[in-house]
Amino acid sequence: HTSVQPLASEKEMVNIPKTRKTFCKSCKRHQLFKVTQYKAGKAKLYVQGKRRYDRKQRGYGGQTKPVFRKKAKTTKKVVLRMECSSCKKRKQVPLKRCKHFELGGDKKRKGQMIQF
């Protein structure tokens with residue numbers, strides 16, 4: 001039985017720059033991308049799943065679909081939303097799980113004195 005080592009991403013903060021040069025599929029070359037963190041949009045009332053769920057819920061019979069209660073994860077996977085600076089095409093890149101995520105924070109330098 002081996003001891004479980006915590007992942008490197010769990011131990012420290014993940015810091016990502018606000019711009020990144022990477023390949024753009026529509027431009028077919030490397031371009032500068034603007035990086036933001038993906039955030040889920042507001043749930044709409046009239047999407048098919050919500051309409052179906054509301055239809056199933058009405059009347060007698062209580063809760064019809066399972067309600068998730070056994071939450072085991074303590075982190076979520078961070079998704080980066082990248083926008084090409086030339087053609088404005090967006091792409092999403094998932095990262096590993098981490099507890100602390102930072103966009104465009106100060107870079108860590110080795111052998112640097114701490115200033116107050």
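Start by selecting Glu12, Met13, Val14, Asn15, Glu102, Asp106, Lys107 and Lys108, which line the largest pocket. A pocket here is an open set of points on a 1 Å grid over the protein atoms alone, where a 1.4 Å probe fits, with protein on both sides within 12 Å along at least five of seven lines; lining residues have an atom within 4 Å of a point. The volume of this pocket is about 200 Å³, taken as the space filled by probe spheres set on the points, which are joined across faces, edges and corners. Its lining divides into five charged residues, two nonpolar and one polar. In this count Asp, Glu, Lys and Arg are charged, Ala, Val, Leu, Ile, Met, Phe, Trp, Tyr, Cys and Pro nonpolar, and the others, Gly among them, polar.

The model is predicted: local features need pLDDT of at least 70 and side-chain atom pairs pLDDT 80 or more, while totals for chains, interfaces and linings use all residues. Residues are numbered from 1 along each chain as its sequence is written, and side-chain values use heavy atoms, with hydrogens and water left out.

Next, colour by secondary structure. There are two helices and six strands, in the order α-β-β-β-α-β-β-β; helices (H or I, at least four residues) and strands (E, at least two) are DSSP runs numbered from the N terminus.

Select strand 2 (residues 19–24) with strand 3: they pair antiparallel over six bridges, where pairing requires at least two DSSP bridges. Cys24 stands opposite Arg29. Four residues lie between the strands of this hairpin, and Lys28 has a positive phi near 60°.

Move to strand 4 and strand 5 (residues 90–98), antiparallel with seven bridges. Lys76 faces Cys98 across the pair. Five residues separate the two strands, and Lys88 in the turn has a positive phi of about 60°.

Now show side chains for Val14, Ile16, Cys24, Phe33, Val35, Val78, Leu80, Met82, Cys84, Cys98 and Phe101, the 11 residues of the largest nonpolar core. Such a core is a set of buried (under 20% relative accessible area, 1.4 Å probe, protein chains only) Ala, Val, Leu, Ile, Met, Phe, Trp, Tyr and Cys residues joined through side-chain atoms within 4.5 Å. Strand 4 gives the most to this core, with four residues.

Finish on Val78. Beyond neighbours within four places in sequence, Val78 contacts (heavy atoms within 4.5 Å) Gln37, Val93, Pro94, Leu95, Lys96, Cys98 and Phe101.

Methods:
Buried < 20%, exposed > 50% of the residue type's maximum accessible area, 1.4 Å probe, protein only.
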